[in-house]
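Subject: Structure handover

Hello,

Here is the structure for you to look over. My notes come after it.

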Amino acid sequence: MQQIEENVIKSFRLAKNDIIRLQRDFLSLSQAEERIMELLDGLKASQADIFQRIREMEHGSKPIAAALKHSNARKGYVASKVGKSYHRKNCPFAHNIKNKTKVIFYTKSKAENLGLKACRCVA
Ligand SMILES: [Zn+2]
C-alpha cells in the first residue's frame, strides 16, 4: 500500500515537472514570437527606407543627367549648313554662323562623317 502511494506521489511530481517545463517552453516560444514580430517590423521599416532612398536616387539622377547634357552641349561643335568646316562653339567663325544655318555636333566624328573639315580652333 505504501509503495502504491509513493508511486502516485512520484508520478504527480513528474507530471508537475512536465507541466512546469511546458509552461517554460510556452513562455520562451511567445518571447521568440514577440522577437520575430519586432524583427519583422524592423524589416518593414528598412524596406520602406530602401524604397525611399531609391526614389531619392531616381530624382537625384535627373539633375546629373541634365548637367551632363549641358556639358555635352557646351563641348559641341558647330558648322554652317553651307560651309565646309566645323568649329568649337567659342570660335569667332562659329559666332558668325547664323542660327538658321547652324548645325550642332556633339562629337568631331559626326561632323567629319559629313565631310566637314576641322577648323584650326578644333585642333
Ligand atoms: Zn573655328
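This is a predicted model: local features need pLDDT of at least 70, side-chain atom pairs count only at pLDDT 80 or more; totals for chains, interfaces and linings use all residues.

Numbering starts from 1 along each chain, as its sequence is written.

Overall make-up
The protein has three helices and four strands. Both are DSSP runs, numbered from the N terminus: helices are H or I with at least four residues, strands are E with at least two. From the N terminus, the order is α-β-β-α-β-α-β. Of the 123 residues, 7% are buried. Buried here means that 20 or more other C-beta atoms, placed from the backbone, lie within 10 Å of the residue's own. Among contacts with a separation of 6 or more, 57% link residues 24 or more positions apart. A contact requires C-beta atoms, placed from the backbone, within 7 Å.

The sheet
The four strands form an open sheet with mixed pairing, in the order S3-S1-S2-S4. Strands S3 (102-105) and S4 (117-118) are the edges, and each pairs on one side only. Two strands count as paired if DSSP finds at least two bridges between them. In general, such pairing runs through backbone hydrogen bonds, either parallel or antiparallel.

S1 (residues 77-80) pairs with S3 in the antiparallel sense, over four bridges. Here Ser80 stands opposite Lys102 in S3. S1 also runs antiparallel to S2 (residues 85-88), joined by three bridges. Val78 has His87 in S2 as its bridge partner. S1 and S2 make a hairpin, with four residues between them.

The core
Which residues make up the largest nonpolar core? There are seven: Tyr77, Val78, Ala79, Tyr86, Ala111, Leu116 and Cys119. S1 gives the largest share of this core, three residues. A nonpolar core is a set of buried Ala, Val, Leu, Ile, Met, Phe, Trp, Tyr and Cys residues joined through C-beta atoms within 7 Å. Leaving out residues up to four places away in sequence, Cys119 touches Ser85, Tyr86, His87, Cys91 and Phe93.

Best wishes

How values were computed. A residue is buried if 20 or more other C-beta atoms lie within 10 Å of its own, exposed if 12 or fewer, and partly exposed in between; C-beta atoms are placed from the backbone. Two residues are in contact if their C-beta atoms, placed from the backbone, lie within 7 Å.
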